Amino acid sequence: MTESERWYEDGLPFSCTGCGNCCKRHGDATHVYVREEEVLAIAEFLGRDPAAFLREELVVEDGWITLRPDLEQCPYLTEDARCGIYPVRPVQCRTWPFWDVNLQSEVWRREVNGVCPGSRSGRLHDADTIDAIADATEDWYEGRLDAWPGLEPGGAGQLPE
């Protein structure tokens with residue numbers, strides 16, 4: 001996509017409100033993908049054996065590892081709508097809402113804004129930063145990045161809050 005084609009050329013607002021809505025099932029959006037590095041970090045954070053954690057808590061399907069897509073919300077969402085694995089949450093969670101699929105004008109306005117109050121206000125993120133986050137997220141899950149900054153256990157990452 002060329003810069004002139006970006007409907008969000010002037011940037012997009014986003015600041016996490018901590019509502020937990022992004023951690024709940026919304027229509028067809030049910031999969032949170034995790035790579036092996038993320039599985040290991042989450043298992044260590046939870047004090048679990050990685051093999052047992054993978055077998056008991058995750059789903060492996062068509063070569064992808066995901067959190068259980070059959071649940072109505074993330075199993076790590078606490079009662080007070082907080083992430084129970086926040087320091088080691090998957091990259092997909094770290095980069096919400098700046099995913100390629102969300103950067104279609106209609107998807108942003110209808111689906112993202114409908115779920116996320118932080119996408120309607122908050123700090124303005126410039127288009128280049130948004131594209132860099134979306135591209136890096138795709139590269140991470142397609143195996144084109146060897147490491148994600150801040151992924152090690154306890155690292156919060158270098159992404160917008």
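## Asn102 and its surroundings

Leaving aside neighbours within four places in sequence, Asn102 is in contact (heavy atoms within 4.5 Å) with Trp96, Pro97, Val107, Trp108 and Val112. Asn102 lies in the loop between α3 (91–94) and α4 (105–115), and with a relative accessible area of 6% Asn102 is buried, where buried means under 20% relative accessible area, exposed over 50% and partly exposed in between, for a 1.4 Å probe and protein chains only.

## Basis of the model

This is a predicted model, in which local features need pLDDT of at least 70 and side-chain atom pairs count only at pLDDT 80 or more, while totals for chains, interfaces and linings use all residues. Residues are numbered from 1 along each chain as its sequence is written, and side-chain values use heavy atoms, with hydrogens and water left out.

The mean pLDDT (the predictor's confidence in each residue, from 0 to 100) is 88 for the protein, and 89% of its residues reach 70 or more. Over residues 151–161, however, pLDDT stays under 50, and for this stretch the model has 35 contacts beyond four places in sequence.

## Overall architecture

The protein has five helices and five strands, which are DSSP runs numbered from the N terminus, with H or I over at least four residues for helices and E over at least two for strands. From the N terminus on, these elements run β-β-α-α-β-β-α-α-β-α. Buried residues make up 40% of the 161 residues, and of the contacts with a separation of 6 or more, 72% are accounted for by residues 24 or more positions apart.

## The three-stranded sheet

An open sheet of three strands has the order β2-β4-β3, with antiparallel pairing; two strands pair if DSSP finds at least two bridges between them. Because β2 (33–34) and β3 (58–61) stand at the edges, each with a single partner strand, one side of each is left without a neighbour in the sheet. Strand β4 (residues 64–67) pairs with β2 in the antiparallel sense over two bridges, and Val34 stands opposite Ile65 in β4.

## The buried face of α4

The buried residues of α4 are Val107, Trp108, Val112, Asn113 and Val115. Seen down the helix axis, these buried residues fall within an arc of 155 degrees, so they line one face of α4; the arc is that of the directions from the helix axis to the C-beta atoms. The buried residues of α4 pack against β1 (12–13).

## Aromatic pairs and charges over rings

A search of the whole structure finds five aromatic pairs, taken as rings of Phe, Tyr and Trp (its six-membered ring) with centres within 6.5 Å, where planes under 30 degrees apart count as stacked, over 60 as edge-to-face and the rest as tilted. The rings of Trp7 and Tyr8 have centres 5.5 Å apart and planes at 85 degrees, so this pair is edge-to-face; Trp7 is partly exposed, with a relative accessible area of 29%, whereas Tyr8 counts as buried at 1%. The Trp96 and Trp99 pair is edge-to-face because the ring centres lie 5.1 Å apart with the planes at 75 degrees, and both residues are buried. Phe14, Phe98 and Trp108 are linked by ring pairs into a cluster.

A charge sits over a ring if NZ of Lys or CZ of Arg is within 6 Å of the ring centre and within 35 degrees of the ring normal. The charged end of Arg35 sits over the ring of Trp140, 3.6 Å from its centre, and Arg89 lies over the face of Tyr86, at 3.8 Å from the ring centre.
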